[in-house]
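Please brief me on this model. Cover the chain contacts, the domains, the backbone and the local architecture.

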Amino acid sequence: MAHKKKNRNVGIIGIGQTKHSSHREDVNQPELIHEAISLALKDANLTMNDIDCVVHGNMELFEMVHQPDLWHVLGTGAYGKDCIRITTGGTVGATIACASDNLVASGMYDIVMAIGFEKLQEGHTTGGITNMADPLWFRKIQAGALTGSSAYDVEKEFGLERADRASLTYRIIMDKHAGLNPNAHRSFGLDFGQIDDLIRTSPRLVGNLKLIEMCSQSDGACCVIFACEKKAKDLAQTPVWIRDHITVHKEESFTIFGYDRKYPVLKTHKFAAEQLFKRNDIKNPLDYFDVFEMYDPASWWAIDWLRDFFALKGDEHLKLIEDKEIMIGGKMPINPSGGVIGSNPIGATALLRVAEAALQVRGNAGPHQIPTPVKHALASGFGGTMWTVMTMLEKELNW
Amino acid sequence: MAEYWGVKVEDIFNSMQERFRPEGAKDLDTVFGYDIKDEGKWKLTVKDNKIKIEKTDDLSGSVATMQADGETFVGVNTGNVDATNAFMGGKVKVEGDMAAFGKTGKLFRKFVIAQKEMTTKDYLADMFATIVPRFKVSEAAGLDASFAFDLGGPDGGKWTVFIKDNVCTVTATIEGKPTVTLEFNDAKDYVDFILGKIDSQSLMAGGKAGAKGDLNMMASKWPVLFEKYKDPLAGNVPQQELIVLKKTIGLNEKFSTGPIMGKFLKGLKEKKIYANKCPQCGRMQLPPREVCADCRVRVNEIVEVGPKGEVRYMDIVYYAMPDPLTGAVRDTPYGGINVLMDGCKGNETLPHFIRKDQIEKIQMGWNEKKGTRVRPVWEENRIGDIWDIKYFEIDE
């Protein structure tokens with residue numbers, strides 16, 4: 001019942017992000033971060049003087065800089081301010097949003113700035129991810145963030161052909177969405193006519209996980225400014241309210257693949273969604289939410305997870321994809337931004353989900369704004385060792 | 001044949017002999033095919049540090065064949081199209097041995113587009129034709145102004161750029177009363193000025209150029225209203241070298257195992273596989289853990305399991321994974337397996353690797369179907385490490 005314990009309401013009043021790219025050798029880390037911060041301050045019509053606390057997040061193992069927040073002060077403007085550094089995993093961006101929400105709600109600070117950043121080209125992403133595993137044994141065995149297990153699950157249940165086509169349909173929808181988002185790292189201009197071709201020719205990474213289905217490695221930063229209800233109403237025309245968020249993880253489920261129906265593995269997305277919707281009294285999330293910014297590291301995960309997040313039965317999740325209901329203009333637009341497959345500066349990625357969902361609620365996301373009004377938005381974060389963060393955003397303070 | 005960026009598909013092939021780098025062909029004895037849509041097929045034979053390129057209809061015998069359309073092919077070879085994006089997006093395909101085809105990358109020097117000359121007239125036409133696309137509407141709010149250009153000399157001309165109601169238009173005359181008029185005696189100087197070859201002060205000082213009207217509008221507003229003009233001949237070559245520092249970190253680490261993991265690792269030394277059993281829910285943990293995270297109780301009962309078991313899941317890894325301990329790339333493909341040890345049930349599986357030559361034979365099991373039976377293959381010298389098991393192999 002986290003939200004009911006909330007001391008006061010918190011709204012998002014400023015959003016900024018860089019253009020995400022694999023080619024940002026023109027700036028160093030503080031400079032890259034500074035771009036996002038300047039845009040967020042401009043968006044909120046504030047200066048650094050208005051910020052009470054800075055929450056900094058990234059994956060330190062990727063660039064191998066310890067205490068990056070100290071170096072980054074040149075870009076963050078956190079000099080002389082309270083500053084907290086957080087590292088979780090792929091979820092770090094979502095976690096700094098949770099932390100900022102909690103810090104403001106607690107009454108400790110009125111205005112908190114969350115900064116998520118990554119320059120993946122500066123380190124070795126897969127090497128960094130491999131180091132997350134238990135060093136006593138599993139580090140030597142695991143294969144970074146790559147696994148074919150989701151592909152295997154979907155294939156096993158629905159047959160190879162339908163599974164492959166659903167995954168590529170999802171992938172191409174994300175490519176089309178990314179094509180609308182000027183900040184997205186990559187959009188190849190794919191079309192649905194290429195599905196069979198891509199299934200045949202895209203190189204396999206692990207099992208049936210293909211190169212085209214995997215997310216990018218990007219450089220980029222995102223900054224979101226959170227304010228207490230009073231300040232949010234004073235300062236912002238359309239603050240976006242944080243209704244609730246939930247974090248669930250279970251490290252051991254990362255290594256167990258028994259495929260025994262009598263012993264189901266706890267799926268953190270499913271568990272988190274059930275808890276979150278139950279305590280907010282949301283009976284049918286698919287009807288309730290107007291948009292979902294999902295952390296989709298690969299199209300296989302994405303199609304499998306839709307069922308978990310929305311408590312769907314049977315093949316309802318595949319039908320949503322096959323009927324293109326997840327496109328902008330569909331019943332449940334997923335990732336109008338192009339998602340993680342489109343841009344993935346990891347420390348910023350999960351914060352971008354919150355930021356893009358908030359932009360949709362505000363109605364000024366840009367060319368990828370969905371055409372119908374957005375009152376209720378959902379964002380998810382995902383990280384190594386089965387870690388889930390979900391955030392609910394609202395246009396009105398009326399729940 | 002169509003031209004792309006001024007280059008024909010056959011230009012790329014015809015220049016291969018000349019661009020060939022023998023040092024990139026060392027130990028290669030192979031044949032590659034190129035199938036360029038609507039343009040034809042070419043066969044590249046590499047042998048004895050020499051190449052032969054021929055146009056042919058018969059690509060049989062190629063270990064790998066690249067398929068692309070002419071524009072993409074020329075684009076990738078001239079640097080106008082990003083190769084990775086073209087490949088990922090399915091615009092370039094490789095049939096056959098992908099890894100072998102990758103070696104063609106080192107066979108040739110880059111194709112360089114022959115520099116073509118642009119006259120002052122060409123430049124002026126291009127500069128004013130790109131005014132509207134370079135216009136930044138976000139900077140023009142509330143602006144109502146006109147910028148006139150009176151450029152003299154044999155190649156000169158007159159232009160006016162109007163900005164009103166957030167719209168930018170260009171005429172090839174000077175109309176009305178411009179907000180500011182820029183005058184150059186010789187249009188060539190204007191071109192050199194825009195290309196950054198000559199600065200405004202020396203032009204003004206030398207009496208070669210002048211301005212009438214609201215000079216401030218030209219000096220401060222013009223540069224923000226328009227994207228900088230890009231010289232089409234300059235290509236995408238960055239004008240400055242970007243200095244990127246390369247670092248390699250090597251670290252020595254040592255981790256204490258603790259008593260529970262210690263027992264597991266010591267067991268491996270003795271060719272035994274130990275799990276531990278939760279006193280509350282009865283599940284086995286493999287490798288053993290200090291507590292059962294479900295029941296939140298200490299788990300002290302150590303139970304020997306296996307060493308044989310059944311494969312429940314296998315990931316075939318094709319991607320060249322770096323070993324995080326050494327940085328060396330693992331040999332691919334390899335099979336990561338989850339083994340349900342005899343004595344374990346449900347999800348109590350142990351991840352490890354399968355013998356490389358047996359990947360194809362592995363069946364994954366579930367409730368109704370038994371997976372392939374496997375057994376560990378032990379190292380001769382065991383040190384208490386997960387690699388004391390070299391890999392698992394089929395138990396026949």
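The notes below go topic by topic.

This is a predicted model: local features need pLDDT of at least 70, side-chain atom pairs count only at pLDDT 80 or more, and totals for chains, interfaces and linings use all residues. Residues are numbered from 1 along each chain as its sequence is written, while chains are lettered from A and ligands numbered from 1 in the order in which they are written. Helices (H or I, at least four residues) and strands (E, at least two) are DSSP runs, numbered from the N terminus.

**Contact between the chains**

- Chain A puts 47 residues in contact with 39 residues of chain B. Contact means that the C-beta atoms of two residues, placed from the backbone, lie within 7 Å.
- On the side of chain A that touches chain B, the elements giving two or more residues are α6 (125-130), α9 (195-201) and β5 (204-206) of chain A.
- By class, that side of chain A has 21 nonpolar, 15 polar and eleven charged residues. Nonpolar covers Ala, Val, Leu, Ile, Met, Phe, Trp, Tyr, Cys and Pro; charged covers Asp, Glu, Lys and Arg; the others, Gly among them, are polar.

**Domains of chain B**

- Chain B is assigned domain 1 (3-106), domain 2 (120-234) and domain 3 (258-394). The bounds come from an automatic or database domain assignment.
- Domain 1 and domain 3 of chain B have C-alpha centres 45 Å apart.

**Cis peptide bonds in chain B**

- L286(B) and P287(B) are joined by a cis peptide bond, with omega about -5 degrees. P287(B) sits in the loop between β14 (284-285) and β15 (291-292) of chain B.
- G306(B) and P307(B) are also joined by a cis peptide bond, with omega about 0 degrees. P307(B) belongs to the loop between β17 (301-305) and β18 (309-317) of chain B.

**Positive phi**

- D281(A) is not a glycine, yet its phi is positive, near 55 degrees. Its place is the loop between α11 (268-279) and α12 (285-288) of chain A.
- D281(A) is exposed, with 8 other C-beta atoms within 10 Å. Buried means 20 or more other C-beta atoms within 10 Å of a residue's own, exposed 12 or fewer, and partly exposed in between, with C-beta atoms placed from the backbone.
- K324(A), also not a glycine, has a positive phi of about 55 degrees. K324(A) lies in the loop between α14 (316-322) and α15 (339-342) of chain A.
- K324(A) is partly exposed, with 17 other C-beta atoms within 10 Å.

**Helices**

- Helix α3 (residues 70-78) of chain B is mostly covered, with seven of its nine residues buried. Among them are F73(B), V74(B) and V76(B).
- G79(B) follows α3(B) and has a positive phi, near 80 degrees.
- Helix α8 (residues 160-180) of chain A has 21 residues, which should span 30 Å at 1.5 Å a residue; its end C-alpha atoms are 31 Å apart, in agreement. The expected span is 1.5 Å times one less than the number of residues.
- α8(A) is mostly covered: 15 of its 21 residues are buried.

**A sheet in chain B**

- Three strands of chain B form an open antiparallel sheet in the order β14-β13-β17. Strands pair if DSSP finds at least two bridges between them.
- β14 and β17 of chain B are the edges; each has a single partner strand, so one side of each lacks a neighbour in the sheet.
- Strand β13 (residues 273-277) of chain B runs antiparallel to β14(B), joined by two bridges. Q285(B) in β14(B) is the bridge partner of N276(B).
- Helix α11 (residues 258-269) of chain B packs on this sheet and touches β13 and β17 of chain B. The direction of α11(B) makes about 150 degrees with that of β13(B). Axes are lines fitted to C-alpha atoms, for helices over the stretch in contact, and angles run from 0 to 180 degrees between N-to-C directions.
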